[in-house]
Amino acid sequence: MARRSKPNFHPPVPTMRRHSFGMARVPLNGRAHYLGPWQSLQAAERYAALIRQWEAGGRQPLVKPQTVVEAQRARAAAAVAERTVAAALGDYVAHLEASGRYVKHGVPTSERAIVAKAIAEFVEVAGNKPLRALDGADVVAYRRALEGKPSLSRGGINRKLATVKRALLWLREGKALSREQWADVLEVRPLRRGELPAERDRKAKKRAVSVEEVEQVAAAAGRVVGAMLRLQALTGCRPGEVCGMRHGDIDRNPVVVDGVPCWTWRVAGAKTEHHGHATRYALGPKAQAILAEFAGVPGAYVFQPRLAMEEQAAQRRAARKTPPTRQMLLRDEAPPRRRWAPCYSVGSYEQAVERAIAKTDVQPFTPHQVRHGFVTRAARRFGVLAASTAANHRNVTTTQHYLHAEDLDAYRVVAGLE
């Protein structure tokens, strides 16, 4: 015999439940109502409102039951609505990897590391926020977080800010950001001069390094690094280019100009190669004499750290005053355990130059300032256009930033006009 229900019996109110994809839901009359992220304030408010509406309607279905397709669309819409800034910027990073952006010859460029760092720092500030709620205030908060890092200059802060804006522009192009959101982000301005302490507001002043200064430092830097400095002073090449110089990049068929035979150095993987520009330097007799000291196969790098360290070790061994120990002899007979890089990086090259400068009384400079010295000397003697061509600049305006006047130049002009 069937069991009779008690009069005026009311089943308990359904409780909020958690779906496997992280959303809160409540079943009412056999239909699941999705409320928002689990354990969020939005879900709690939505649950209370639905229960009140359900009770007021006599616990009847609120709307007609959804089909499977409708439920899937609702879940997809809810997922898009609650997509976080971190997930959206993760898609941007994946886009960079898939498109090969900031990668040259299979190796990520230095710009790639800057982009990754800037996005990671922005995610720390606003990564957990829903993308639909992102606005200019989050970008301002990111800029202020960068201002709190004493190691960053004003230029470094503005560079990272521009990087994040480029990522948000990509989201706007994909309609992930609304027009109003993007307009709000655009209103965030970069830092202006004077908004940071003086020591963080100015770039280190560049200068034109003279040939005499290069020679002093090269004499204290050892044969390999010294040759790299001298070659930079003779050709005006960039530090990264002299580090990556290979024997196969040099065309030794002479090009005779005014009776002087020159070789041609075609830089592989040059800075502006992705713009369709070829970079080449003329190598005169002095540069040819430097390269003659470093023989090798076409695919090998001309200047190798291994050679520099072996020569340094030999010099130290020759200057040793105590007799060799048994452990030293055994170490010499054993195969080398350290594997040297095939070529110098820009950082290791700069570090070697810094150590050499510390041994002299020369005012500190960077290898890139050797290029500034070459361009300045070339412009004084042959004109700005010739100097721009020798430096492989595509615009004379770029060459203007490499020209450095001396205090005596004004006096030379006046003296010459007398």
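Which residue in β2 does arginine 18 stand opposite? Select arginine 18 and look across to β2: alanine 24 stands there. Before moving on, note that this is a predicted model, where local features need pLDDT of at least 70, side-chain atom pairs count only at pLDDT 80 or more, and totals for chains, interfaces and linings use all residues. Numbering starts from 1 along each chain as its sequence is written, and side-chain values use heavy atoms, with hydrogens and water left out.

Next, select 17-18 and 23-28. (Strands are DSSP runs of E, at least two residues, and helices are runs of H or I, at least four residues, both numbered from the N terminus; two strands pair if DSSP finds at least two bridges between them.)

You now have an open antiparallel sheet of three strands, ordered β1-β2-β3.

Now pick 41-56. Helix α1 lies across β2 and β3, at about 150° to β3 (contact means heavy atoms within 4.5 Å; axes are lines fitted to C-alpha atoms, for helices over the stretch in contact, with angles from 0 to 180 degrees between N-to-C directions).

Last stop: 250-257, 260-266 and 280-283. Here three strands make another open antiparallel sheet, in the order β6-β7-β8. β6 and β8 are its edge strands, each pairing on one side only, and the twist averages 35° from one strand to the next. Zoom in on β6 and β7, which pair antiparallel over five bridges. Valine 255 has cysteine 262 in β7 as its bridge partner.
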